[in-house]
Structure formats: C-alpha cells, structure tokens
Amino acid sequence: VNMSSDAENEYFADGLSEEILNQLAQVAGLRVIGRTSSFAFKGQNLDLREIGRLLGAANLLEGSVRRQGDQVRVTAQLIAADDGAHLWSQNFDRKMNDVFAIQDEIAERVVAAMDIVLDDASRVAMQRAGVRDVEAFMAYQKGYEMMIGAHGKDSQMEELRESMNYFDQAIAAAPDFAQAYSAKTDYYAHVILEIDHPREEREAALKAMRELNDLAYEKARDPRRKLAIDVDRLFFSDDWTRLPSVLEALFEAPGCAEGNWMEMSVPFAPREKLLTHFQQRVECDPLMFLSHNFLATMQMRSGDLDKAAATLDRAREFPGNSNWLAGARILLTLKQGQAEQALQDLQAKPVRSLTAREQMRMLRYLSAMNRITEARELWQQLQAAEDTTMSRLISATALLLSLIHISEPTRPFTLSRM
C-alpha cells in the first residue's frame, strides 16, 4: 500500500510488490498468487481469513511503502491466514538506491519464516527475477493498468495504443525487460484479429508483433515465461508444427507464467490437458476474470455446462471487464437450449456496444427463430451507427442476405449504403 502523499508513488509501491512476487515465484514448491488477485485487496480492511479463503492462500504478505525524496520506508509482515498469527514482520528505512536490497531481504525473510531452505540455484533465480529498475517498473505498472482496463471498452484500441507509450518508457529504462516487450504485443494482436482494420495495417501489425515476441523470448529469464512467450510466437507464425510439443512443455513446467493467447490453443492440445491448465491458471490467479472466462469456455466445450455455470457465477464479483463474462454467459445460455433468453441478453446491450462477433451471433439467433423482420431491423441499426465500419457492415449484410434468401427467396432486398 502506498502511504506517501504523492499518488505517483502508487505505481512505485505496485512495482516493488510485483518484484517481490516475482522473486518468491522462483522458489520451488511455493505457490505464489498472481498479480491481479494479490492486488485486489490493496487498501481494504477485510478479515484476513476471508482473504485467505478467496485466494486459496495459507499465508498473506502485506505491507506499506512511504517514499519521500531519496528516502523510502518499507514495512512488511507475513501473516497466517487461518488465525492471523504474525510469522514475521520488519521495517526497512533505506535510501532509494538501496531499494532492491530491501526486496531481496524481504523475499528471503519470507522464505525463511516458512521454513523453506534455499539451495544456491533458487537463491540465484530469486536475485535474477524482476527488472530491478525503479523507472522501468513504475512505467510498466502504468501501462499494465491501462492495458488491462482497456479491454472491452469502446475506446479499447486508443487505450491499448496509449499503454504502449508506457511500455516503451519501461524498455528505454531497462532494455532487457521481457514483460514490457510481451505486453506491447497485445495492441498489435487486436489489430490482427479484429475485422475493422485494413489489410496493410494488419500486415504491419503482424510484423511488429513477431519482432516484439522474438525480443521478449530472447530476454526472458524465467523458464516457464520463456515457454509461454514461445507459444505466443508460434500462434502468430507461419509454422505451427512445434505448437503441440511446446504446449506440452508449458503444461509440465512448474510455476504460473502464462501466454497472452492461450485460448487459441484448443486445436493443438488434448482437451483434458487444457481443462487442467485453465484450472491451474484459476488457482494461480483466482480473482482474474479472464482465467474464469477461459475455464468456463473449456468446460462448455467439454459438455460440462453445470461446471461452466458455477465458474461464471464465481466470477460475477471479480474486478475486471464484465463484457467478457457477459459474452460467455450468453454462450452458456444458448448451449443450455435457451435461445430466446440468449437473444434477450444480447438485446439488453446497446447495438453500439455489441462486438462484431455478438452482432453476427444475434443475427444467427434471429434467423434460427425465423424472426427475419427483427434481423432486418438489427441490420438497419448497424447501418445507421456512426462507428460501424464498412468491413463490419459488409459482413453483417452478407449474413443477412443469406438468411433472407433461405427464408424468403422471392423477396427483394435493397442496399442503400453500399
């Protein structure tokens, strides 16, 4: 928690916290909860037993950071989640240029308090973890916060593009910062995968993304992170032949580092292993809504609709963008044979907030129920929306024309905008 008067130091506190998490994650046999879930209770005065239950954690590390000029005070304490007993606590008063010695000491004291004996390899891995540059990890925290918050918004692409400025600052301060290169690829991936961008822009984005993934892979030091980046590289390459073997290696590797696009791995790995993988991902970061979204989708693919419903129910109150979970909920409703309810759920959202996939899905639902008049009305709404791109309108028009031809083959249909 940032205890300084300057709100800018919030990012310093977050960066220091993530550096310590990264160090602890190097210890064999120690499960460290991921960033999203670890930060979810920051600044909240909640019962520790409840936090432990929600995170599935036996011990909680909490602390505060106060920074003034060149001086920094860090307070840290390790607490047993079941009874609130203090296992270790300490205050550190140092100069800023000594802040990384503080994070080393905190990580080692936490390990010692849990009676874990470090071998030389683990100690070296802990010391190598993280970026160890204040400017770099503060810039990265700003970019990461903006990137995660952008998904699902109307302004998604603008915010993703802006987040890259912070990742560039992080890379300028620490050129070997693998996570910053990897985070930059998210913007380019959306350019490639979404239909609203011209071919030339998507080709340029693919080239940029491949270069960034290669740099991230080259600079990654954590073995599991390196495998996860390799999976992302292969997804966006021209050769997928190595994907099954790299995915297998990732599934077997200890730790929690994940690729950005693991949901694309369905055709390349056994369903059972993917289910186990996404379940582990939930355990690693139990309050991350995306992890639950992917797990629920895999459970639906496996035909276990009750488990998928339970997974989505647990994620209702999690921080994050609800549009993703709403989409998964609509898909579940359809798979449960409730097409009318699925359509109502989609219709509850303004047309402008529907994704291209949801627009196509709504047209299909209307057709399946022989509601061609409403399908026409939806097309007209899309046609009138100021932010409907030509490529999206062409896709919707082609689908609607095929539906009308099937149901009303003799009825003419006039295109006024094309």
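Trainee: Which element gives the largest share of the lining of the largest cavity?

Mentor: Let me begin with the general idea. Rolling a probe the size of a water molecule over the atoms shows where empty space is left. In this structure, which is a predicted model, the count comes to one cavity of 30 Å³ or more. The volume of the largest cavity is about 50 Å³. Its lining consists of Gly15, Glu18, Glu19, Asn22, Val131, Phe137, Tyr140, Gln141, Phe177 and Gln179. Two elements, helix H1 (9–24) and helix H6 (134–150), each give two or more residues to that lining. The largest share, four residues, comes from H1.

Trainee: With which residues is Tyr140 in contact, leaving aside its neighbours within four places in sequence?

Mentor: Tyr140 is in contact with Glu18, Phe167, Ala170, Phe177, Gln179, Ala180 and Ala183. One of these, Gln179, lies 39 residues from Tyr140 along the chain, and their C-alpha atoms are separated by 8.6 Å. For the protein as a whole, among contacts between residues at least 6 apart in sequence, 57% join residues at least 24 apart.

Trainee: Let us turn to helices. Why do the buried residues of H9 line one face of the helix?

Mentor: An α-helix has 3.6 residues a turn, so residues three or four places apart point the same way. Helix H9 (residues 199–219) has 21 residues and reaches 30 Å from its first C-alpha to its last, close to the 30 Å expected. The buried residues of H9 are Ala205, Ala208, Met209, Leu212, Asn213, Ala216 and Lys219. Seen down the axis of H9, these buried residues fall within an arc of 140°, so they line one face.

Trainee: What covers the buried residues of H9, and which exposed residues does the face turned away from its buried side carry?

Mentor: The cover includes helix H8 (178–193) and helix H10 (223–235). The face turned away carries the exposed residues Arg199, Glu200, Lys207 and Glu218.

Trainee: Which residues of H4 are buried, and what covers them?

Mentor: Helix H4 (residues 99–113) has 15 residues and spans 21 Å from its first C-alpha to its last, close to the 21 Å expected. Its buried residues are Val99, Phe100, Ile102, Gln103, Asp104, Ile106, Ala107, Val110 and Val111. What covers them includes strand E1 (59–68), strand E2 (71–80) and strand E3 (86–95), together with H1, H5 and H6. Just after H4, Asp115 takes a positive phi of about 60°.

Trainee: Where is Ser122 placed, and does it count as buried or exposed?

Mentor: Ser122 is in helix H5 (residues 120–128). Its relative accessibility is 13%, so Ser122 counts as buried. The C-alpha atoms of Ser122 and Val27 are separated by 6.0 Å, although the two residues are 95 apart along the chain.

Trainee: How many helices and strands does the protein have, and what percentage of its residues is buried?

Mentor: The protein has 19 helices and three strands. Of its 418 residues, 46% are buried. The protein exposes about 20,800 Å², and carbon and sulfur atoms supply 50% of that area.

Methods
Residues are numbered from 1 along each chain as its sequence is written. This is a predicted model: local features need pLDDT of at least 70, side-chain atom pairs count only at pLDDT 80 or more; totals for chains, interfaces and linings use all residues. Side-chain values use heavy atoms; hydrogens and water are left out. The expected span of a helix is 1.5 Å times one less than its number of residues. Buried means under 20% relative accessible area, exposed over 50%, partly exposed in between (1.4 Å probe, protein chains only). The arc is that of the directions from the helix axis to the C-beta atoms. Contact means heavy atoms within 4.5 Å. Accessible areas come from the Shrake-Rupley method with a 1.4 Å probe; for residues, only the protein chains shown count as cover. On a 1 Å grid over the protein atoms alone, a cavity is a set of points where a 1.4 Å probe fits but cannot get out, and a pocket is an open set with protein on both sides within 12 Å along at least five of seven lines; lining residues have an atom within 4 Å of a point. Grid points are joined across faces, edges and corners, and a volume is the space filled by probe spheres set on the points.
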